[in-house]
Amino acid sequence: MKTLLRSDELTCPSCIPKIEKALGRLEGVTGATVHFNTGRIEVEHDADRVDTERLRKAVREVGYDTRVSAF
């Protein structure tokens, strides 16, 4: 499953590895890509193992609020 999150709090490119690493640590996440210029965070994951709220929580834990967005 692919989930798209958005964050308006990405202030510099150094945010990218921090968020990708936090998401990548979750069991069931197979990929995460942060697009700094647009605030898009694309996450590939197994919906049975990790839900959207868990994804948002992982990003929030490293300091960034998100919302679910449509593609």
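The entries below go from the sheet to the helices and then to the side chains.

**Ground rules**

I am working from a predicted model, where local features need pLDDT of at least 70, side-chain atom pairs count only at pLDDT 80 or more, and totals for chains, interfaces and linings use all residues. Residues are numbered from 1 along each chain as its sequence is written, and side-chain values use heavy atoms, with hydrogens and water left out.

**Entry 1: the sheet**

I started with the strands. I take helices (H or I, at least four residues) and strands (E, at least two) as DSSP runs, numbered from the N terminus. Two strands pair if DSSP finds at least two bridges between them.

I find an open sheet of four strands, paired antiparallel, in the order β2-β3-β1-β4. The edge strands are β2 (29-35) and β4 (67-69); each has a single partner strand, so one side of each has no neighbour in the sheet. Neighbouring strands are turned by 30° against each other on average, direction ignored. For that angle, axes are lines fitted to C-alpha atoms (for helices over the stretch in contact), and angles run from 0 to 180 degrees between N-to-C directions.

**Entry 2: strand by strand**

Next I went through the pairings. β2 and β3 pair antiparallel over six bridges, and His35 has Arg40 of β3 as its bridge partner. These two strands make a hairpin with four residues between them, and Gly39 in the turn has a positive phi of about 75°.

β1 and β3 are antiparallel too, over five bridges, and here I see Lys2 opposite Glu44 in β3. On to β4: strand β1 (residues 2-6) pairs with β4 in the antiparallel sense over three bridges, and Arg6 has Arg67 of β4 as its bridge partner.

I also checked burial (buried is under 20% relative accessible area, exposed over 50%, partly exposed in between, with a 1.4 Å probe and protein chains only). β3 is mostly covered, with five of its six residues buried.

**Entry 3: the helices**

Where do the helices lie? I count contact as heavy atoms within 4.5 Å. Helix α1 (residues 15-24) lies across β2 and β3 (40-45), running at about 160° to β2. Helix α2 (residues 52-61) lies across β1, β2, β3 and β4, at about 40° to β1.

Which residues of α2 are buried? I get Leu55, Arg56, Ala58 and Val59. They cover an arc of only 155° around the axis, which puts them on the same side of α2; the arc is that of the directions from the helix axis to the C-beta atoms. What covers them includes β1, α1, β2, β3 and β4. Just after α2, I noted Gly63 with a positive phi of about 105°.

**Entry 4: a threonine in β1**

I looked up Thr3, which is found in strand β1. Thr3 is buried, with a relative accessible area of 5%. Its side chain and that of His45 are joined by a polar contact of 2.6 Å. A polar contact here is a pair of N or O atoms within 3.5 Å; within protein, one must be able to donate a hydrogen and the other to accept it, and residues adjacent in sequence count only if both atoms are side-chain atoms.

**Entry 5: salt bridges**

My rule is a side-chain nitrogen of Lys or Arg within 4 Å of a carboxyl oxygen of Asp or Glu. By this rule I count eight salt bridges.

One of them joins Glu42 and Lys2, with the closest N and O atoms 3.7 Å apart. This pair links distant parts of the chain, Glu42 in strand β3 and Lys2 in strand β1, 40 residues apart. Glu42 counts as buried at 17% relative accessibility, while Lys2 is partly exposed at 38%. Glu42 also meets Arg40 in a salt bridge (3.0 Å, N to O).

Another is between Lys57 and Glu61, with the closest N and O atoms 3.9 Å apart. Both lie in helix α2, four residues apart, about one turn of the helix. Lys57 is partly exposed at 40% relative accessibility, and Glu61 is exposed at 52%.
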